[in-house]
Amino acid sequence: MAEREIPRLPSPAAAAEYLTDAWQRSILFLDVMRQRAAQYEAHAAELAPNVLDYRAELVLDGRSLAKPVNYLLARIVPPGGVTIDPRKRPFVVVDPRAGHGPGIGGFKADSEIGVAMQAGHPVYFVGFLPEPVPGQTILDIATAEASFLEAVIARHPEAQGRPCVIGNCQAGWAVMIVAALRPELFGPVIIAGTPLSYWAGVRGENPMRYTGGLLGGSWLTALAGDLGAGIFDGAALVQNFENQNPANTLWTKQYNLWSKIDTEPERYLEFEKWWGGHVTLNAEEKQWIVDELFVGNRLASGEIRTADGTAIDLRGVRSPIVVFCSKGDNITPPSQALDWILDLYDSVDDIRAWGQTIVYTVHEHVGHLGIFVSGGVARKEHEEFASNIDLIDVLPPGLYEAVLTPKGAAVDNPELVTGEWVMRCEARSLDDIRALGGNDLADERKFEAAARLSEINLALYRTFAQPAVRAVTSPPIAEAMRRMHPLRLSYEIFGPRNPWMGWVATEAERVRDRRRPADPGNPLVAAQSIASKAIVESLDAWRRAMERAAEDTFHAVYGTPALQAALGTDTTSSQRPRKAAHSKLHEALVERRIAALHEGMTCGGLREALIRALIWVGMARNAVDERGFAAITRIRDAHPAHRQMTLADFKTLVREQFLMLVLDEEAALAAIPGLLPESLDERRQALAALRGVVEASGAPGEGPSERLRRVAALFGLGPELVTSRKAS
């Protein structure tokens, strides 16, 4: 048996070296905490604090509107070397108001704002001030955002397409509300990390959705608003985020700074400027969010009404919707980002009947904040969305997944690819969404029971406790409690008002002059790393145990048949508790639309025939590639007659021809010869253009090739004209 190796103690010299290094790092750590506190106070003192990495010009102040709100519309000034094309649609980035201040969408050069400008688009930013306007509501904010879009559209009369609007996290569902109420203002809508279906999730993962039920519903939100004298403190929301990862909150973030004190401070302070920029909401705003969205889950089911009684039905959104989510996001996992599709639609045909185009992409590991910041890991998605937004806009109705592959040297026609990735939109079904995981019917009933209990508890609180709480809470008391919040204290205890911090700056300068980092091979440095890893593993184990207990408790309590029956939950129905209602009016309109499409199959000319044939050939691939769209754009730009067709007209034409093929493929194909000109030369040119677009995405396989041969026959031409140029 080999003799067991006995660990050796560090030499006195190594111990002295490590202790000196550790002491110096501790002093420098305290100095960073001092800078963090000073930065916090300076940021809070700004008139309109934000963390944008770009210069911005105010366009419209929401406080000047008929229903004033604390939101602002700003134009992002392009940095040097960036050229903006006035013909390209503007991008409007809307930041989430979830406890933090504005700016995360333009936090870095590689952010959503940065990549949109690099693609040549004008960019606007919707941010907000730290304090809400008294009395403002969520629907007032929606009205203001509609006014912002009207202002943006008026400033860009040459733009070929309505603005592309990006809604981050909670801003995403706010944007979707506006898009449902004012669809004429929107181009494609990109919702990033947005929980549109808050009940959804997977057992054993991301248990944040259980919080409302475990706390008895939204009465605690009402209590927090009353203790704030009508103001809800955003620091409470930030603390909820921190509670999701105690290992990072209690240890890793600070340890990472301390252990890398020579390289980490700049990045740490940059992030803390945003993380500590706490804002407030009106109590009514937060109550509406919790009741209607988080606990109630009413947005996706069309149960929310405006003040005049108008139903907010997300099926009324007429623009393409792009959903960007990640498996690494513990705040908005893929199910919460995507399962609203299952709440609204019964099938892909149902999506098409509503004229809707939905494109989604699921990142494998990027976290919640990384979705917005786009620093490296999510940059390719934002770059591809920005570069191919017109392609997304003209996609036929349906459900697609955006698949990104490296361009590389092997990709055919690389000159048609804008960036370093090729975007391909592949057709998907609702089963692909279900395969990502979600609730079964029994789980839905449990959340329905939790929502009903929440309504009861909130009514009891408002009847018996709210008057007393409001009577004893004054604005000065509420302000004092906000200042005493642990997150704010974590900044202020290291600030200039703490006399014990007075020596730190001077000592830190002395330490920097004499800095002596320990050798990486020092055994105590290795021991330090081992100890840190053990602490993280312990905190992670504790988190997993608490999450498992929370999940089990929720299912045990709200899965009780007696409680469900007492709360009026129908345990015999096969219908999901939150499901959008069907509309007889919509069905009648669909029938009229179908009749019009049948009549239109024989109407038109060469343009309609060519687009119909191109779509039919492309349907064999079950995907749309950006190179094909780029080839169509080149053909359009090369022919003056085609340039007269706007992007909106082209989009309408594509949708009509696609739906004709979906309704009656054979009848739509049989009508093509009647749309063609008599000239064989014109037909040959059209067929050559069609073949060029098909081959732009690579050599066609057997399916597209067979369809090309049939199209040649419909055009009255020989099959030899569709032989691949690469094969000839």
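1. Two strands count as paired if DSSP finds at least two bridges between them, with strands (E, at least two residues) and helices (H or I, at least four) taken as DSSP runs numbered from the N terminus. On that basis β5 (residues 164–168) runs parallel to β6, and four bridges join them. N168 has A192 of β6 as its bridge partner.

2. A quick word on the ground rules. This is a predicted model, where local features need pLDDT of at least 70 and side-chain atom pairs pLDDT 80 or more, while totals for chains, interfaces and linings use all residues. Residues are numbered from 1 along each chain as its sequence is written, and side-chain values use heavy atoms, leaving out hydrogens and water.

3. On its way from β5 to β6 the chain passes through helix α4 (residues 170–181), and this β-α-β crossover is right-handed (with the strands pointing away from the viewer, the path from the first strand over the helix to the second runs clockwise).

4. β6 also pairs with β9 (residues 321–326), again parallel and over four bridges. Here A192 sits opposite F324 of β9.

5. In a regular strand, side chains alternate between the two faces of the sheet. For β6 (residues 189–192) both faces are covered: V189 and I191 are buried on one side, I190 and A192 on the other. Buried means under 20% relative accessible area, with a 1.4 Å probe and protein chains only.

6. Don't look for disulfides (cysteine sulfur pairs within 2.5 Å): the count is zero. For C325, the nearest cysteine sulfur is that of C169, 13 Å away. C425 is too far from its closest cysteine sulfur, in C164, for a bond, again at 13 Å. C325 counts as buried because its relative accessibility is 0%, and C425 is buried at 0% too.

Methods. Buried < 20%, exposed > 50% of the residue type's maximum accessible area, 1.4 Å probe, protein only.
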